[in-house]
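Okay, thanks for coming, everyone. Let me put the model up and we'll walk through a couple of spots.

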Amino acid sequence: MTLRVMWMLNHTLAREFEIPMLKRYGVSQFYLPKIVPNEISFQSNSVSYEEDIGLEIPPAELEVLNSCDWYSGATPEAWAIANRYFNVVFCIFHDGVLLKEIAKYFKGLVVCRAYGLKNSHTYSEIICKYKLEPHIRKIYSRFYFSESFPRLIDIEERYLSNRRLNMPLGVMTQAADKWQGSEERIYFICPQIETSDYYKNVFENFKEGFSDFDFVVGGEQLIPVNDSRVLVEVTEKDRHFHINQNRVMFYHSQEPNHIHHHPFEAVLAGMPLVFMAGGMLDRLGGRDLPGRATSLKEARRIIRRLMKGDKGLAETIRNSQQVLLKSVDAELLSSTWKAGVQQLEGDLQILSQIESKRPSRPKRIAVILPEAYRGGTLRGALMLAQAIHIGSRQCGEAVEVVFAYREDSNLYGEDDFVDLGKDIALRPFRWHQLSSKEACRAMHFAGHEGWFSASSHVVPDDGMRQFMDCDLWLVVSDRVGAPLLPLRPVVAMIYDYLQRYEDVIARSADLQFIQTARSADRVLVTTQFTKNDALQYAGVDPRRLAQLPMLIPQFSKWQVSMNEVVEPYFIWTTNAAPHKNHIEVMRALRIYYEEYGGVLLCKVTGVGSDAIPEGKLPHLKPIIPLLRQSPLLSSRVRWLGDLPDHEYRAQLKSAAFLMHPARIDNGTISVIEAAQLGVPSLSTDYPAMREMNQWYSLNLQFMDGSSARNMAGMLMQMEKNCESLRSSLPKAEVFESNDISVHAQRYWQEVRKCL
């Protein structure tokens, strides 16, 4: 099977060897990252576009790949594209982010390249530090620990050595004897002197050991060094000059598991190399070479003879050190690389056969309403389930949709879910809490080996499989009271962050809600206002965040059993939440009736609205004296409570206008519902409502929600102008162009990225 490789490294010298070696054995499709981390450890890296030319990927999708910073985490969309066009990824461990992403999203073979570490550190330690073992175990059957130099695997844990893939790093350049040695200087390479404690120490030790010699120091310096012997900028021409003309290169490293490229560069040019014993050069054939020094004293003795012009010693060193090139010679390494490629091809064939034999069934999405919501949130959740159902079919990828609601609530009846139709299954559930031990065990049995958490978690319990028969959980809001155990990919639909503006929940609950959003694989919002809050307040990763069009119900399609006559009342749709601005509204209504002589009744609808005048909640207590002090107010306000949809539509159809006085939220679809029935709306002025007004050309009238007198004045204006305002409402075509079926595909595409 042909390999198509994502070579997710940017190391220049490794790329110049590994890509040609892979091409030699049939790999023709390569993707290379275009964004390199701005870190010291990536100073030897570069970006190359040359392989893009041969890719069989549409330009738009290639642009998605090229715009991603893969090292810090790409988008699910980019990973979906990667899975369509590539079946092998080469990567490095780095800080673990890329490997975690690969384990989560990539479906093919994973080759982790190991180039050796300084200070005798091991990759097992790196894996432990960044908690990577569970992610490696998850992809273990298609994971490879690919050592670039011999015996790196000897110091690693057995689970890594069992997945060894030997692909030695070499050089493509042939030896070219250009050395002349006319300059009586040592050439020493030491980069990043002022930005790396490690190299700073190397430089200071070198200066101290060779203070009586003339020398020049190469290597990239991010900050100039206060020493004229350290080169600031070295061009390619300069580099070749110093290799060819300086008398000797000294290589300091005694690291047994790490080596730099420049010693090989010196040997290739024919430059005498003096190096310290104990490092990797010993393992690569240098143990008996005359340029090897067992002490600094011996290194100084050898270099002093070369500086004095001992041509015989120079020739002896030059001739003997050619053995070092055998370990990196492309032709000598060719058979090993061929075997490695063949192993990957064979394993890929087996993986393909296994996947083809897996029983196929339609993907199943659970749309989970975490609390016993009614009103706009329930309606939004139902429309979201419909959008996934419709959108998947529009894309030819029909999925099963399950709508999950709280069974431990007496709020719901059969009529509440009638809009879903028979194709979307209903499933009641309760939240079940698991201890940290139980959570770890559940994750283990779900295939997340090595997963660990110190806290308790919750899972949706349907009394059967805890929704494990679903491939993705789409949670409608972040209102989950404890960490949700990520047994399946999680998408969160966030409508607002009221707690940023209103004191509506405890701080501990707020932190949990924020964590729900942060830990989700994808977060969906419907307004720029909420998107900004998700980024700035909740700290959601922008790569996991998507803004989608607001889904709106098509009220105009329903038969409304009332006359077209406008009756003398307006609708105030609300609930008992603090942000609904009840007290200021009641003060405004009193002014409207008592001072301005308003004649329209106020009919109040919504979940729990009939209990508002009882003032049982702390923020509602001031309503009681307001009603007692104003018989006119008491007689003009009618508390209808939560009406069935058909009755609410009937009441709304005959209203003079709708009032929406909430202080802040994600915007309310009630004004859209009203406009569809030919009813204008008066709303408080805040960003989300301005967005909706612009999107749908609603011609909303705005009032100041913090001023009772301004609100009362606007109520009078609405009473006088409601008839003329009706004529300026948008036509039915505007709402039909925003039907669920119009936006369903976009919703499905966002959710699909996490499958």
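So, which residues line the largest cavity? They're Gly116, Leu117, His121, Tyr123, Leu152, Ile155, Glu156 and Asn257. Lining here means having an atom within 4 Å of a cavity point, and a cavity is a set of points on a 1 Å grid over the protein atoms alone where a 1.4 Å probe fits but cannot get out. By class that's four nonpolar, three polar and one charged, with Tyr counted as nonpolar, Glu as charged and Gly as polar. About 30 Å³ of space lies in there, and the structure holds one cavity of 30 Å³ or more.

Quick caveats: this is a predicted model, so local features need pLDDT of at least 70 and side-chain atom pairs 80 or more, while totals for chains, interfaces and linings use all residues. Numbering starts from 1 along each chain as its sequence is written, and side-chain values use heavy atoms, without hydrogens or water.

Now, strand E9, residues 273–276; strands are DSSP runs of at least two residues, helices of at least four. Both its faces are covered: Leu273 and Phe275 on one side, Val274 and Met276 on the other, all buried, meaning under 20% relative accessible area with a 1.4 Å probe, protein chains only.

On to its partners. E9 pairs in parallel with E8, residues 246–251, over three bridges; pairing takes at least two DSSP bridges. Phe250 stands opposite Val274. The chain gets from E8 to E9 through helix H10, residues 262–269, in a right-handed β-α-β crossover, that is, clockwise with the strands pointing away from the viewer.

E10, residues 292–293, also runs parallel to E9, joined by two bridges, and there Met276 partners Ala293. Helix H11, residues 280–286, carries the chain from E9 to E10, again right-handed.

Conventions. Buried means under 20% relative accessible area, exposed over 50%, partly exposed in between (1.4 Å probe, protein chains only). On a 1 Å grid over the protein atoms alone, a cavity is a set of points where a 1.4 Å probe fits but cannot get out, and a pocket is an open set with protein on both sides within 12 Å along at least five of seven lines; lining residues have an atom within 4 Å of a point. Grid points are joined across faces, edges and corners, and a volume is the space filled by probe spheres set on the points.
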